[in-house]
Amino acid sequence: TPSAPDPGAPIGSATAAFDAGLGSTAPAGRGSGGAHNLIDDALRCLDRLCTLEPQPAAATTWRKVLLDVFSVEEIFSSPVLFGLSHAAARELLLGDSVHADPGRVWEVCLAWARAVAGVAAPTS
């Protein structure tokens with residue numbers, strides 16, 4: 001069993017931060033359903049961190065870890081993304097790697113806004 005991380009210890013790398021959080025309790029491998037569950041859980045953690053007042057610096061650290069561990073497309077494919085709070089969506093958009101494909105970011109942002117507003121996408 002993994003030991004609990006020391007909350008006062010500095011985080012040495014993105015992998016160490018992930019291992020201290022979700023990675024220590026996650027099933028091994030990033031295969032079929034396991035990886036998607038990890039992404040979903042990581043996004044839920046980001047959402048929780050971003051909704052605390054005042055927003056802790058850990059939210060930025062968590063976003064960086066999330067973007068180091070998972071690809072942007074993996075994150076964009078998560079259904080949890082479309083239920084994120086405004087604060088968490090904004091935090092996620094602060095990551096440089098998110099903007100590698102501006103057209104894809106635009107599509108995802110529109111889908112997120114529609115989901116949050118409860119408006120169906122227009123039919124073609």
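Trainee: What should I know before I start reading residue numbers and distances?

Mentor: This is a predicted model, where local features need pLDDT of at least 70, side-chain atom pairs count only at pLDDT 80 or more, and totals for chains, interfaces and linings use all residues. Residues are numbered from 1 along each chain as its sequence is written, and side-chain values use heavy atoms, with hydrogens and water left out.

Trainee: Let's start with α5. Which of its residues are buried?

Mentor: First the general idea: an α-helix has 3.6 residues a turn, so residues three or four places apart point the same way. Helices here are DSSP runs (H or I, at least four residues), numbered from the N terminus. Buried means under 20% relative accessible area, exposed means over 50%, and partly exposed is in between (1.4 Å probe, protein chains only). In helix α5, residues 86-93, the buried ones are Ala 88, Ala 89, Glu 91 and Leu 92. They cover an arc of only 160 degrees around the axis, which puts them on the same side of α5; the arc is that of the directions from the helix axis to the C-beta atoms. His 86 and Arg 90 are exposed on the other side of α5.

Trainee: How do I describe the packing of α5 and α6?

Mentor: Two packed helices are described by the angle between their axes and the distance between the axes. Axes are lines fitted to C-alpha atoms, for helices over the stretch in contact, and angles run from 0 to 180 degrees between N-to-C directions. Here α5 and helix α6, residues 102-117, pack at about 175 degrees, with axes 12 Å apart. That makes α5 and α6 roughly antiparallel to each other; the cut-offs are under 35 degrees for roughly parallel, over 145 for roughly antiparallel, 65 to 115 for roughly perpendicular, and oblique for the rest. On the α5 side the contact is made by His 86, Ala 89 and Leu 93, and on the α6 side by Val 105, Cys 109, Trp 112 and Val 116.

Trainee: Now the charges. How many salt bridges does the structure hold?

Mentor: Side chains of opposite charge can pair when their charged atoms come close. The cut-off for a salt bridge is a side-chain nitrogen of Lys or Arg within 4 Å of a carboxyl oxygen of Asp or Glu. The structure holds four. One of them joins Asp 41 and Arg 44, at 3.0 Å from N to O. Both lie in helix α2, three residues apart, about one turn of the helix.

Trainee: Which residues are linked in a network?

Mentor: Glu 73, Arg 104 and Glu 107. Arg 104 meets Glu 73 at 2.8 Å, N to O. Arg 104 lies in helix α6 and Glu 73 in helix α4 (residues 72-76), so the pair ties together parts that are 31 residues apart in sequence. Arg 104 also forms a salt bridge with Glu 107, with the closest N and O atoms 3.6 Å apart. Glu 107 and Arg 104 both lie in α6, three residues apart.

Trainee: What about Asp 47: is it buried or exposed?

Mentor: Asp 47, in helix α2 (residues 32-50), is buried yet has no salt bridge. The nearest side chain of opposite charge is Arg 48, 6.2 Å away; Lys and Arg count as positive and Asp and Glu as negative, while His and the chain ends are not counted. Not counting residues up to four places away in sequence, Asp 47 touches Leu 84, Ser 85 and Ala 88.

Trainee: One last feature. Where is the cis peptide bond?

Mentor: It joins Glu 53 and Pro 54, with omega about -10 degrees. Pro 54 sits in the loop between α2 and α3 (58-69).

Key
Helices (H or I, at least four residues) and strands (E, at least two) are DSSP runs, numbered from the N terminus. Contact means heavy atoms within 4.5 Å.
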